[in-house]
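Subject: Structure handover

Hello,

The structure we talked about is below.

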Amino acid sequence: MVAVLSMTAWTAGSPPDYKATATMVAKNPSNGLEKALNFGDIVVSNSVAVRVKKQLALEDSIEQLLGRIQVASGRSNLYSITVEDTQPQRAAAIANAVAREAAALYVELGSGSRSPMLTELDKYRAGYQQQHVAAARALTAFDNAHPGIVKAIDAGTADPDLAAQRSQLVLNEKAAADAYLKYEERASQTRVGALSSQRDFEAFLVDEAVAKPDRTRSMLRIAYAGGLALVIGYGIVLLRQYRDRSVRAPAEVERMLGVPVIATIPRATGKMLRVSQAT
Amino acid sequence: MTKPLILSHERLESRFADAYRSLRVTVAATNGRHAPVTVLVASAGAGEGRTTTVANLGIVAGQTGSRVLLVDADFRRPSLHHLLSTESSNGSKRADEEFDSKRLGLTEVIRGIASLEETVVKTPFPGVWLLPAGTDLERPSDILASRRMGEVLRSFRGQADLVLIDSPPCLEHVDAVELAPHCDGLLYVVRAGDHDRSAQRQVQAQLLQTNVRMLGVVFNGA
């Protein structure tokens, strides 16, 4: 009993836990069958934890911090980010920081997922340009080297070999121009797609976190402490009984000494000292 | 150690007193007509209830009309006179005061300095007389082992129906072992919760070697 009361009092007297919950909306462009980017995963990611730890100068390790962050969501785009802490202000600060950093990372990752393709396209642009310029220069150089070749071809008096060479150069220049134009068209489409995706991956804080005492957890802790104390107390009692070599009953005295017990004097309690009733 | 509880007048009808009455009957019934007169009450350690047993057993025996003499042979820590006076039925301090005025007791009787009549003190309890330890308490073991001790105890038989002798704890002093051969019987007191089983066995073996008649064990505080 003493163990139970002590541990319960100790638990009740220990600092209470606080919970702070921030509510967020995180829009996802996926059709629901396959999520491109899960906001819940981002909230409890190491990247967010590292940023929050640095931002708030927390002493906790990343693992400890992540262990105190919980994220819950239903079928809608609403997410609840809950942080537990012994200090109410810190719980709220962490919850709000996690929400903001997770939102930023979500948008960053969501829009940044097509950027490698744009980078690749940019690399090809120079190649297409060079090919087209080279083809155009080759055609111009040919025409300068053979003045009047264009008129001669039109009149049908040109040397067939020269006419064939120029025709090839014209085809090369046209092919290079077409390739460059098609590239630009594709690149524009990709940029437009990236911009629209950036708008689709959107996350913002709906409700800032305010810390509240976590009474459920406190009660649970008291219950756990009480249960633990009961187990410990019971263990102590069993151990004491096991180790107790004291004489408790007349029969034990008789076994111990080999002499009969001829009188057992009760403890002088109030009941024993009251006048006995005649039966 | 619990505080000794003496059977004052208002407690004589309690179940606590009944336990001592049962003990008196058992002691009286031992060997029928040859019931022991001089009974040594001993225990292994201090605080087992030895002196309380002497006092309460004497009180319930006195209630039956018997002449009871309580002998305080605990020369190391004599306490019977305190117990009987402070817890007397009418609240008087008679035994204590009378003892203090006389300051004579068993040691004086053994040395032949005083007679039993000169040393015995009347207690507030009917039929109960007390022979205090006395004043000359040097080398008590020698006094107890003397031939005179046996003679004195035998002389008590004609003076009382029941003589109950309190003694020091056996684990601390051998006085009880010295006294035992001069007595008709021995009551051994064990307090419930006692831890030292080996010490109890050792004391028991010592007492039995004196060939004293073991009347039985009083299990105290059950």
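Two strands count as paired if DSSP finds at least two bridges between them. Helices (H or I, at least four residues) and strands (E, at least two) are DSSP runs, numbered from the N terminus.

This is a predicted model, in which local features need pLDDT of at least 70, side-chain atom pairs count only at pLDDT 80 or more, and totals for chains, interfaces and linings use all residues. Residues are numbered from 1 along each chain as its sequence is written, chains are lettered from A and ligands numbered from 1 in the order in which they are written, and side-chain values use heavy atoms, with hydrogens and water left out.

Chain A: strand S3 (residues 78-85) runs antiparallel to strand S1 (residues 18-27), with eight bridges between them. S3(A) also pairs with strand S2 (residues 69-73), again antiparallel, over five bridges, and a hairpin of four residues connects S2(A) to S3(A). A:Ile81 is the bridge partner of A:Ala22 and of A:Val71. Six of the eight residues of S3(A) are buried (under 20% relative accessible area, with exposed over 50% and partly exposed in between; 1.4 Å probe, protein chains only).

Chain B: helices H1 (residues 15-29) and H2 (residues 50-63) pack at about 80°, their axes 9 Å apart. Axes are lines fitted to C-alpha atoms, for helices over the stretch in contact, and angles run from 0 to 180 degrees between N-to-C directions. H1(B) and H2(B) are therefore roughly perpendicular (65 to 115 degrees; under 35 is roughly parallel, over 145 roughly antiparallel, the rest oblique).

Regards
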